[in-house]
Amino acid sequence: MTESSSIQAAGPPFPVAQFRALIFDLDGTLYRQERVRRAMAWRILRAHLWHPIQGISTVRVLQAYRRAQETLRLSGVSGDPVAQQIRIAAQNCKLGESEVQLRVERWSDRAMDLLSQALRPGLVELLQLAREKGMLLGVLSDYPAEAKLSAMGLRNYFDVVVSASDPEVQRFKPSPRGLEIILQRLGLEKHEALYIGDRPQVDGAAAAAVGVRCAILASSHNQPGPWWEISGFDELRNALCGH
């Protein structure tokens, strides 16, 4: 028996039905991020068949943009974190900030229709069950989240949506600031919410910093910690039902 299966067999380490709210990370948690990235790579390739150098440049810009967030995650930020992310990516690519922002926004928009096709199995059923039980629902994302949730057809499920660039936050996870803001907006104490993410060192660390219970979607890179490792949303739904 693997470590993951033994955790599943033991069941959740806390009574899931006690929570009044579920708070979700977005990218990589609500949908399979790698699936979307692969599809986008093909789109970029097809769009630049006759201009391969420009296509390679675009891929490098998007990669630099993602890496810039990890740099800021480790070093911390002051001011708008998204603006700083653009600035670092532009410096690393030796391009103007406006050009980097244009490419990031253009290709982010062109990925929107892919999100609903990559939803994690059991997500909608979990959200519906939580609503039936009268639970509150929130999203905390390091990227702007409203348009993505609308594209996935999920926006109406959530009471609160918070992102790192919100004026009250201005921090990337694992800073606990975003979770603190969500709890404030929902009018809840930390013991009343469960946070669900996919990255132990980011989502798990943010939850631990604020004292919120956490569930982490299982993957090959998971690591032991003070969170409940789940195989998928069906496992969380079953726990809510008392199975």
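Modeller: The protein averages a pLDDT of 89, and 93% of the residues score at least 70; pLDDT is the predictor's confidence in each residue, from 0 to 100. Over residues 1–9 the pLDDT is below 50, and this stretch has 8 contacts in the model beyond near neighbours in sequence. Where pLDDT is low, the predicted coordinates should not be read in detail. This is a predicted model, in which local features need pLDDT of at least 70 and side-chain atom pairs count only at pLDDT 80 or more, while totals for chains, interfaces and linings use all residues. Residues are numbered from 1 along each chain as its sequence is written, and side-chain values use heavy atoms, with hydrogens and water left out.

Colleague: Why is D25 called buried?

Modeller: Buried means under 20% relative accessible area, exposed over 50%, and partly exposed in between (1.4 Å probe, protein chains only). D25 has a relative accessible area of 7%, so D25 is buried.

Colleague: What makes the pairing of D25 and K173 a polar contact?

Modeller: A polar contact is a pair of N or O atoms within 3.5 Å; within protein, one must be able to donate a hydrogen and the other to accept it, and residues adjacent in sequence count only if both atoms are side-chain atoms. The side chains of D25 and K173 make such a contact at 2.7 Å. D25 also touches Y195 and D203, among others, not counting residues up to four places away in sequence; contact means heavy atoms within 4.5 Å.

Colleague: Is Q85 buried or exposed?

Modeller: The relative accessible area of Q85 is 0%, so Q85 is buried. Its side chain reaches the backbone oxygen of Y65 at 2.8 Å. Contacts of Q85, leaving aside neighbours within four places in sequence, include R66, Y143 and F172.

Colleague: What makes a set of residues a nonpolar core?

Modeller: The members are buried Ala, Val, Leu, Ile, Met, Phe, Trp, Tyr and Cys residues joined through side-chain atoms within 4.5 Å. The largest such core has 59 residues, and L22, F24 and L154 are among those with the most contacts inside it. Apart from it lies another core of 21 residues, including L183 and A206.

Colleague: How many disulfides are there?

Modeller: A disulfide is a pair of cysteine sulfur atoms within 2.5 Å. By this rule the count is 0.
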